[in-house]
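Please keep the sequence and the 3D view open while reading.

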Amino acid sequence: MSEILIHILVPVVIFGFIALFTLFAVYAERKIAGFVQDRLGPMETGKYGLLQTFADILKLLQKELINPKATDKALFIIAPIIIFVAVFIGYSVVPWAPDFIPANTNTGLFFIMAVVSIDALGILMAGWGSNNKYSLLGSIRAIAQMVSYEIPVGLSLIAAVMITQTLNLNEIAYNQGILSSESIKFLGIWDVTDVGGILAWNIFQAPHLIVVYIIFFVATLAECNRAPFDIPEAESELIGGFHTEYGGIRFAFIFLSEYAMMFLVAMLGVVIFLGGWNTPLPNIGGLKLADWTTGLVWGIFWTFAKSLIIVGVQMWIRWTLPRFRADQLMNLCWKVMIPIAFVCLAASGLWRILVMN
Amino acid sequence: MILKTTIHGFATAVKGLLLTVKHLFGAKKSRESRDIRQADYFEKQEGVTTVQFPHEKMPIPEVARYQLDVEIDDCIVCDLCAKACPVDCITIEAIKSPEAIGKTSDGSVKRLYAAQFDIDMAKCMYCGLCTVVCPTECITMTNQYDRSTTKLTDLIYDFGEMTDEEIMKRKEEWTSFQADKEAAKKK
């Protein structure tokens with residue numbers, strides 16, 4: 001009985017977290033946009049505009065659900081659900097703290113790649129079902145972009161997996177800190193199994209993973225359709241892209257999934273490259289900083305802090321760089337990122353065979 | 001070639017990112033309002049520029065040219081302002097008077113009553129032509145600009161001071177004067 005309760009409780013908690021995170025992130029996004037442009041951002045609703053996003057979501061929830069006449073009803077209605085569910089399921093295999101993970105599966109990383117790509121299907125359904133040329137253009141762009149960028153994401157993950165030798169995200173996180181069962185070597189030379197901290201992170205176990213992480217970060221930025229890769233939404237060209245025809249709670253769900261996706265890829269990058277829930281503080285002689293800052297609560301804190309910093313960087317980039325042109329987007333993916341990812345893949349193999357043995 | 005453009009792209013992106021982060025942290029304080037005649041006016045680029053309008057207002061000169069105001073006691077109801085107005089936002093209805101009513105502050109003789117003197121500020125485009133043509137300078141622009149209302153008709157400013165009975169009385173006066181004149185002609 002209690003097991004069923006846990007199975008119900010966990011998704012509810014994660015959903016609640018996604019909703020709260022979205023509210024917070026939209027507020028942060030608007031504030032960052034304001035500050036970058038020497039404005040103040042929302043200031044009127046609540047102190048410093050803190051209640052602005054709550055007011056927004058209340059408005060969206062009250063709105064009428066409009067079904068334009070010429071839409072493909074079934075696709076139009078199901079699309080937001082599919083888009084959201086695809087991202088939502090992704091949270092099921094990402095660890096928050098040592099052994100604190102909704103589903104500890106051996107194929108976690110593979111699973112996450114598989115379900116998150118369903119997102120593209122939902123976007124195509126939304127664009128096609130809307131029966132609106134802008135929506136369709138937006139969704140076609142989205143598909144072209146997401147299918148292309150799936151490849152560098154996959155390659156960068158393979159490069160990382162060759163180092164970690166497991167697809168289990170829980171184990172990947174374990175093997176980057178003091179709780180590791182295997183020996184960890186900083187840059188392949190210095191044994192830091194008992195030192196932990198930032199030195200034990202994957203990007204420092206094999207330094208070429210820094211490049212891989214940059215590729216992963218840029219490619220996932222494109223996967224979430226965030227600026228500078230936001231040509232599927234491109235509000236200045238396509239009104240709203242694939243979500244032009246959506247309003248009310250359906251739009252809220254599309255929005256929710258966009259922000260959930262941001263946090264999911266940030267968290268995934270953190271788990272695979274940046275040590276997951278492991279502390280950045282190493283043990284220095286008698287100062288057992290790493291031992292003191294490892295645990296359930298600390299794990300959740302570090303996951304949160306690292307992921308939020310990455311989300312912050314995503315926003316910072318959004319308000320700095322202008323949008324890519326469609327051909328530049330494809331150029332960057334196929335001619336630059338994929339070749340570099342392949343080189344890194346080879347480097348990972350060599351590193352594993354020659355250095356990590 | 002493509003590698004070169006990519007590296008260049010990354011380098012410029014980093015440059016842009018550094019610029020925005022500078023502004024992000026520069027937003028901790030507001031930008032002070034400075035005199036444009038200062039030599040380093042354009043040097044100071046940091047800080048929030050927003051003026052949170054209803055709570056804080058920018059200083060404006062006393063002689064600023066915003067909403068119109070009419071000193072109806074000085075008005076001779078010549079209708080010039082209504083004729084000069086490019087958007088026809090001034091509506092004037094005059095009633096003639098049998099004899100001079102009085103004098104304005106600059107000595108012009110008033111011979112007309114202003115039964116209606118409405119200015120629709122929603123239509124007004126603040127060109128100031130009416131103030132130029134006014135012979136008695138009774139219509140002026142003020143430094144008042146903040147008149148937000150929820151009803152559009154609130155922006156029709158009624159400067160006429162006459163009550164309905166007064167208007168009726170003056171109209172009757174004029175018609176009886178006309179009738180007397182007609183009768184005198186017939187004799």
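## Chain B and its two domains

Chain B is divided into domain 1 (1-58) and domain 2 (68-164), where the bounds come from an automatic or database domain assignment. The centres of these two domains of chain B, taken over C-alpha atoms, are separated by 47 Å. This is a predicted model, in which local features need pLDDT of at least 70 and side-chain atom pairs count only at pLDDT 80 or more, while totals for chains, interfaces and linings use all residues. Residues are numbered from 1 along each chain as its sequence is written, and chains are lettered from A and ligands numbered from 1 in the order in which they are written.

The secondary structure of chain B consists of four helices and seven strands, with helices (H or I, at least four residues) and strands (E, at least two) taken as DSSP runs numbered from the N terminus. Read from the N terminus, the elements of chain B follow the order α-β-α-β-β-β-β-α-β-β-α. The radius of gyration of chain B is 29 Å, whereas a compact globule of 187 residues would have a value near 16 Å; the radius is taken over C-alpha atoms, and the globule rule is 2.2 Å times the number of residues to the power 0.38.

## Chain A as a whole

Chain A contains 14 helices and two strands. Its radius of gyration is 21 Å, close to the 21 Å that the globule rule gives for 357 residues, so chain A is as compact as a globular protein of that length.

The table sets out like quantities for the two chains. In it, a residue is buried if 20 or more other C-beta atoms lie within 10 Å of its own, exposed if 12 or fewer, and partly exposed in between, with C-beta atoms placed from the backbone. Two residues are in contact if their C-beta atoms, placed from the backbone, lie within 7 Å.

| Quantity | Chain A | Chain B |
|---|---|---|
| Span of C-alpha atoms along the principal axes | about 65 × 50 × 45 Å | roughly 110 × 35 × 30 Å |
| Buried residues | 46% of 357 residues | 11% of 187 residues |

Residues 142-163 of chain A are 100% helix and 0% strand, with end C-alpha atoms 31 Å apart. Residues 251-276 of chain A are 88% helix and 0% strand, and the end C-alpha atoms of that span lie 32 Å apart.

The domain assignment of chain A gives domain 1 (1-62) and domain 2 (72-355), with centres, taken over C-alpha atoms, 21 Å apart. The contact between these domains takes 15 residues from domain 1 of chain A and 15 residues from domain 2 of chain A. On the domain 1 side, α1(A) gives the most, with twelve residues.

Helix α1(A) has 35 residues and reaches 49 Å from its first C-alpha to its last, close to the 51 Å expected at 1.5 Å a residue; the expected span is 1.5 Å times one less than the number of residues. Among the buried residues of α1(A) are Ile18(A), Phe21(A), Glu29(A) and Lys31(A). The buried residues of α1(A) pack against α2 (52-62), α11 (248-273) and α13 of chain A, together with α1 (2-26) of chain B. After α1(A) comes Asp38(A), whose phi is positive, near 60 degrees.

Between the chains, 14 residues of chain A are in contact with 15 residues of chain B. The elements of chain A that give two or more residues to this side are α1 (2-36), α13 (296-318) and α14 (326-355), and α1(A) gives the most, with three residues. By class, the side of chain A that touches chain B has ten nonpolar, one polar and three charged residues, where Ala, Val, Leu, Ile, Met, Phe, Trp, Tyr, Cys and Pro count as nonpolar, Asp, Glu, Lys and Arg as charged, and the others, Gly among them, as polar.
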